[in-house]
Amino acid sequence: MIDFEPSEEQQLIIDTVRGFAEAEIRQSGRDADEAGKLPEAAIAQAHELGLVSNSLPEAHGGGGERSAVTAALVAEELAWGDLAIALGTLSPSLLALPLADYGTAAQQAEWLPRFSGPSFVAASLAITEPRHDSNPFRPTTNARRDGADYLLSGAKCLVPWQDSDTPVLVTALDGDTPQAFLVARNAAGLSATPDRYMGIRALPTAQLTLEDVRVPADARLGGEAGCDLRAIVSRGRVGPASMAVGVARAALEGARDYAKQREAFGSPIATKQAIAFRLADMAIEIDGARLLAWEAAWKLDQGDDATREATMAYDQARRVSLAVTDGAVQVLGGHGYIRDYLPEMHLRNARGFACFEALTLV
Amino acid sequence: MAISFEATRSTHDAAAYYNEVAREQMRPISRKYDEAEHTLPREWVDWYWESGRKRPPSTAQLGEETDGMIQVCVQAEELCWGDAALYLRMPTPALGGSAVSAAGTPEQREKFLTAFRAEGGHPIWGAMAITEASAGSDAAAIQATAELDETTDEWVLNGTKIFCTAGEGASQAEGGFVVVWATVDRSAGRAGIKSFVVPAGTPGMKLVGCEKKLGIRASDTATLVLEDCRIPRDHLLGRAEVKKRDSKKTADKGFKGAMATFDASRPIVAAMAVGVGRAALDFVLEELERNGIVVRWDAGLHDLSAVERDLIEMQAELQAARLLTWRAARMLTLGKANSLEASMAKAKAGLAVTRITQQAVELLGPRGYSTQLLVEKWMRDAKINDIFEGTQQINQLIVARRILDYSSSVLR
């Protein structure tokens, strides 16, 4: 039966994450953006909620409750709090979920348990490449067999790069199929340069250069069987789509509250149709984008190929979040442009969804 | 419950059945009745009355779950995928029926709706007459009057109604009816507005004619004049008394009650819109595929053609409209207040399919613009969805009031 209500359990998770986002992230998001640094305490606290480990296999210490829909709900709430902190908080998903889906027994045993340990462990996934025509389905980074090993060459960017001792998962073309490889951060030939972007300034990111980085054959995700990069990309479109919805929702709420309190020509500007209708359009588009993201997530949970749905959801969400955050800046007028208020940050963050594929996974 | 996009067996069956109806009964005569405006589409109306009303039973087992109102939306989508104007011309109680169901007593429902389920007989229609020359979106400005004649126990209606969908059939074919909105007390404003059931053929209700329109030409959009039109006292839907102006909260309730019909009808109208939009989109996708153009969902931005980008956006927009529609319908099934969601769905669907059908014409070049194909018709048909049953702007207003928590006196 078609239904649009989260289960009781999901509602509980939504309420918990929303409460956390409101209390711990909303306030610190702006400071973190200015400082260009994630609030470690908040991320440690979020770890205790088990947002990623809940979905990992029980055999490796996780909660065994894998659901892309639930993950989408979590992603929206966290991003409503703050996008950069949300990405930092959920970065373990970037390695843990592909490992759970495709990792060999040895790969899982080596890396999965630590994501359910007592302290937060960050992770990195390198999909996007520093070129105008970067396409996650067709990496130009190359994996070349060399005896028992692979040699990886190429460049990646927009790689979340918090301190961690976990390997970075790098996608590369292996023959003519795109695959993913576990690469130690200190591997010879791998260099990471910190990068800064217009938005998500609090999230450490790196540009990676790989020059004949030698990894053993068993560093290929899934070993002989490999992985299904299509599905990883779909998961990497649904996650950011939900986060885009969260950012847009935060922007709309800010604009709404401002419009109700700001007076011009003798009454709150929200009582004027020019403003009120724009807010209405924003609300409609946000709900539509959210439902597309849910449908794509649900499709993933059915085990189906969700490439079409995930692409539509991501495409719509990034368009909507840009329009909504731009609308929020406009509603606040001059105040929307200055950094005392949040809309300018929301706008900078929202534009990033043009290239935030696989910055988080569901 | 839990978030799910899995339609029930019953919904799948309904979709398949109505899609077949659309293909076999509607599409073949779509162009004919677009051109023969104001002609009764006899073969369609008769077929529907004799056969179409009785859908073969679903393969779903007794007691199996259904999607409730979502299934009704799926039905509307499929039939409007066939032809939106012929859908509006179906001999059913339509919006008049919604009003009787929502505001009528059990006796009134029995009296006015039974004939629509009767075997045999001739096709009949229901309709709703709200709009006047000077009262469109601002329904509270209605000028038509209803006066009670105590001596005969009759209401006497006077006024002129325009843009009444199915108004020709409903006013002329005996057994049908028109629900007319009129004021019993102009000084009371919206609190004075009531709705009345005027049976087809009632002396004093005159059909002036039907509009010539941009699209949905097979749908009879009538002007009706009420001239000392007398109907029995018990044809009033709801209560007769007018709440005083000073008791503002309750005064609004009668009018709001009448407006609540829209909470049920807007998701269906939104679903109709989605049907027209899908007709155009399906056609464009098939036509382009025949010419070797298929959306590559895994292509990067720089590999996608402009046309592929359009097609992706059109599909996403249509699906967003459909899901918003289903959400509003689902809430209706669950008995939840859905004004906000119904208006969101209607606003989104009306605009989305207006754009999608316009884009469809563009994507097929001169063929899209030609009357050899139906795409140009779908574009003309689609536009009405952004106007009737609450314009884009009225629905924006409703959404805005809800999200801002403003009353209609604060956000006008």
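Colleague: What makes the crossing of α10(B) and α13(B) left-handed or right-handed in this predicted model?

Modeller: The crossing of α10(B) and α13(B) is left-handed, and the term applies because a crossing is given that name if the near helix is turned anticlockwise from the far one by less than a right angle. The axes of α10(B), residues 339–363, and α13(B), residues 392–404, come within 9 Å and cross at roughly 145°.

Colleague: Which residues make that contact, and how do they divide by class?

Modeller: On α10(B) the contact is made by B:Ser339, B:Leu340, B:Ser343, B:Met344, B:Lys346, B:Ala347, B:Gly350 and B:Leu351, and on α13(B) by B:Gln392, B:Asn395, B:Gln396, B:Ile398, B:Val399 and B:Arg402.

Colleague: What handedness does the crossing of α3(A) and α7(A) have?

Modeller: That crossing is right-handed, a term used if the near helix is turned clockwise from the far one. The axes of α3(A), residues 68–81, and α7(A) come within 7 Å and cross at roughly 35°. Among the residues in contact are A:Ala68, A:Ala71, A:Ala72 and A:Ala75 of α3(A), together with A:Val238, A:Gly239, A:Ser242 and A:Met243 of α7(A). By class, the residues of this contact are 12 nonpolar, three polar and four charged.

Colleague: Turning to the two chains, how is α9(A) oriented towards α9(B), and how do you know?

Modeller: The two helices pack at an angle of about 90°, with their axes 9 Å apart. Angles of 65 to 115 degrees count as roughly perpendicular, and α9(A) is therefore roughly perpendicular to α9(B). The contact is made by A:Thr311, A:Met312, A:Asp315 and A:Gln316 of α9(A) and by B:Ile312, B:Glu313, B:Gln315, B:Ala316, B:Gln319 and B:Ala320 of α9(B), and by class it has four nonpolar, four polar and two charged residues.

Colleague: How many residues are in contact between chain A and chain B, and which helix of chain A gives the most?

Modeller: In chain A, 38 residues are in contact with 39 residues of chain B. The helices α7 (229–261), α8 (273–301) and α9 (307–332) of chain A each supply at least two residues of the side that touches chain B, and α8(A) gives the most, with 15 residues. That side of chain A has 19 nonpolar, nine polar and 10 charged residues.

Colleague: Why is A:Ala122 called buried?

Modeller: A:Ala122 has 21 C-beta neighbours inside 10 Å, and since the term requires 20 or more, A:Ala122 counts as buried. A:Ala122 is in the loop between α6 (105–111) and β1 (124–126) of chain A, and touches A:Ser91, A:Pro92, A:Gln162, A:Asp163 and A:Ser164, leaving aside residues up to four places away in sequence.

Colleague: What makes the backbone of B:Phe163 and of B:Ile216 worth a remark?

Modeller: B:Phe163 has a positive phi of about 55° although it is not a glycine, and B:Ile216, also not a glycine, has a positive phi of about 30°. B:Phe163 is in strand β3 (residues 154–165) of chain B, whereas B:Ile216 is in the loop between β6 (205–210) and β7 (221–232) of chain B.

Colleague: How do you know which burial class each of them belongs to?

Modeller: B:Phe163 has 18 C-beta neighbours inside 10 Å and so counts as partly exposed, because that count falls between the limits of 12 or fewer for exposed and 20 or more for buried. B:Ile216 is buried, with 29 other C-beta atoms within 10 Å.

Colleague: Which residues touch the most other members of the largest nonpolar core?

Modeller: Of its 250 residues, A:Phe181, A:Leu279 and A:Ala293 touch the most other members. The residues that A:Phe181 touches include A:Ala143, A:Tyr150, A:Leu152 and A:Val170.

Conventions: Residues numbered from 1 in each chain as written. Chains lettered and ligands numbered in written order. Predicted model: local features only at pLDDT ≥ 70, side-chain atom pairs only at ≥ 80, totals over all residues. Helix = DSSP H or I, 4+ residues; strand = E, 2+ residues; numbered from the N terminus. Contact = placed C-beta atoms within 7 Å. Nonpolar A, V, L, I, M, F, W, Y, C, P; charged D, E, K, R; others polar. Axes fitted to C-alpha atoms, helices over the stretch in contact; angles between N-to-C directions. Core = buried A, V, L, I, M, F, W, Y, C linked by C-beta atoms within 7 Å. Parallel < 35°, antiparallel > 145°, perpendicular 65-115°, else oblique.
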